[in-house]
Amino acid sequence: MARRTLHGLLLLAGVSLLTFLLLSLAPGNFYDELRLNPQISPDTVAAIKAQYGMDRPLPARYFLWLASMARGQFGYSLEYHQSVSSLLWPRARNTLLLTGLATLLAWMIALPWGTLEALRRGGWIDRAGAALTAALLAIPDVLLGLLLLLLAAKTGWFPAGGMSSLNADQASLPLRVWDAARHLFLPVAALVLGSLPVIVRHTRSAMILALDSPFVQAARAHGIPSARVLWRYAFPAALNSLISLFGFSIGGLLSMSLLIEVILGWPGLGPLVLEAMLARDIYVVMAAVVLSSVFLVGGNLLADLLLYWNDPRIRQVSS
Amino acid sequence: MSVEVQPARPASAPLLAVRELTLRYRRQSPLRGDGPQVTALDNVSLELPAGKTLAVAGPSGCGKSSLARCIVLLEKPDSGQILYGGDDLLTLASRERRRVLREVQLIFQDSAAALNPAFRIEEVLEEPLLIHKSAASAKERREFLHELLRSVELTDKLLARRPLELSGGQRQRVAIARALACRPKILILDEALSALDLSTQGQIANLLLDLRETQNLSYLFITHDLAMAALFADHVAEMAAGRIIRVGPPQKGVTGNLQSGSGALPSPSPSGQTVPVR
């Protein structure tokens, strides 16, 4: 675990450095718009750059940013004139609410669905499921988001953006919960529909492999009931590959919804990162990338821990 | 371990009989529909009386393992009957089927793959006891496990280990012990010795011969090794391309195996039809 944690830290350092270099070396910067304004002199632009340390060499700026990250500030937003952390955390919380709920729902639907397809392979349930997941896979996330937005606009059943209605904070708790649920429905539906096909197909494949394995066949031949064979033999055997996929799901919690948030107007990291990229607000982008990478590394570490817990062969090799 | 003595049976009443069993595999493609069929078993008939050993010998792909899998209901044949104690297994209700599967146990060639790698040996052996309710209390189960291990010449120290921590010979003994835990009447040994080295083969073969005597078991011994068939069997049925082509007594001193084509059975029956084992 210690070695993996060290690898994770090195990976994060590499990601932050690479992101910094790519953003710094790409053509253009935050001050280009100021330069285009004839009423702002070049000296004024240079003074503003110096005020925020943007005239320093790249290594110095990178290490200053690292120091800021260590203090929990994650740098300074040139666009919003405040520490990046004060912008980041509320948005990250909103994103995690959305993606956490979507991930939970997607797995709760996909596991039994994929298992049923495996148990009924070749039958009409399996074929219908394959057709549906193929259709969902073929639809791009952008189109899915836009279709749901169209549904909201045409029917009025759901709000077309935002996280809560005006004056919702003055309503009773049940009404606030209902209001939040209505606002969550469309973005959660978009994320669930987008991630379901992969999890369903993965579950189906893993269960088929497990059900076809010799020790499961031996268990059936020994007269062990089907339900026990499924839950005590096949499902634990299929879990290994599902745990790895689950680790990636956790790893994508901050990044999977960026596009959907922009399309459906959810006030999460997505719109913030998009605005920051367009404005070349470099430290906001860096912080979002590093935070997403933390989740990716953490998700893989979690998957490793779960694999260690689930499979005694891995525990034996490790010891 | 307590021995169940089988009641005396008339010589003509087989314990297990397979009648005109046919199994075909069909390749299916969502684009091309049903593909060509492969006939794994073609009107196979044989009988196994109580207390006897019938070897089924043949090269790879002749249908021996398919036959074994059909008998323990892992495969559903297209036609035919599998009669056990007079009942057709293919028409039994699930509760009766479970009772029958307790009495007919299959031992696989690859013991490493046939044992759940995540289970400890104790769990592997306890599972049939729990399912078939063969021992009422935990104490009885524990005592039974100790007896089981002694009967296959293993020690209690192995109970805490997992299958991949054991040698091939130890794993095969555990597989035999697991089969014995169900107090079977028939053991189907599907190339159960093929994956072992010669020395271990001899040890396991001797164990099986001893168990046959002490526990009054009947064996359906599937092999491509004619020498092993001669050692074990009262009769040998030779298979090729899914059919029984010859049945006869084993000839002592025969060598070779049907895998390489170096062996052959003597004195085929005149009609080439299946004859019951006596």
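In what order do the six strands of the open sheet in chain B stand? In this predicted model, the order is β6-β7-β8-β3-β9-β10, and the pairing of these strands of chain B is mixed. The edges of the sheet are taken by β6 (104-107) and β10 (243-248) of chain B, each of which has a single partner strand, so one side of each is left without a neighbour in the sheet. Ignoring direction, neighbouring strands of this sheet are turned by 20 degrees against each other on average.

Within the sheet, strand β7 (residues 186-190) of chain B runs parallel to strand β8 (residues 218-223) of chain B, and five bridges join the two. For I186(B), the bridge partner in β8(B) is S218(B).

The two chains also meet, with 15 residues of chain A in contact with 23 residues of chain B. On the side of chain A that touches chain B, the following elements give two or more residues.

| Element of chain A | Residues |
|---|---|
| α9 | 214-221 |
| α10 | 226-251 |
| α14 | 312-318 |

Six residues come from α9(A), the largest share of the side of chain A that touches chain B. By kind, the residues on that side of chain A divide into eight nonpolar, four polar and three charged.

Elsewhere in chain A, L21(A) has its place in helix α1 (residues 2-25). Because L21(A) has 12 C-beta neighbours inside 10 Å, and a residue with 12 or fewer is taken as exposed, L21(A) counts as exposed. Although L21(A) and L58(A) lie 37 residues apart along the chain, their C-alpha atoms are separated by 8.1 Å.

Definitions and conventions
Residues numbered from 1 in each chain as written. Chains lettered and ligands numbered in written order. Predicted model: local features only at pLDDT ≥ 70, side-chain atom pairs only at ≥ 80, totals over all residues. Contact = placed C-beta atoms within 7 Å. Helix = DSSP H or I, 4+ residues; strand = E, 2+ residues; numbered from the N terminus. Nonpolar A, V, L, I, M, F, W, Y, C, P; charged D, E, K, R; others polar. Buried ≥ 20, exposed ≤ 12 C-beta atoms within 10 Å, placed from the backbone. Pairing = 2+ DSSP bridges. Axes fitted to C-alpha atoms, helices over the stretch in contact; angles between N-to-C directions.
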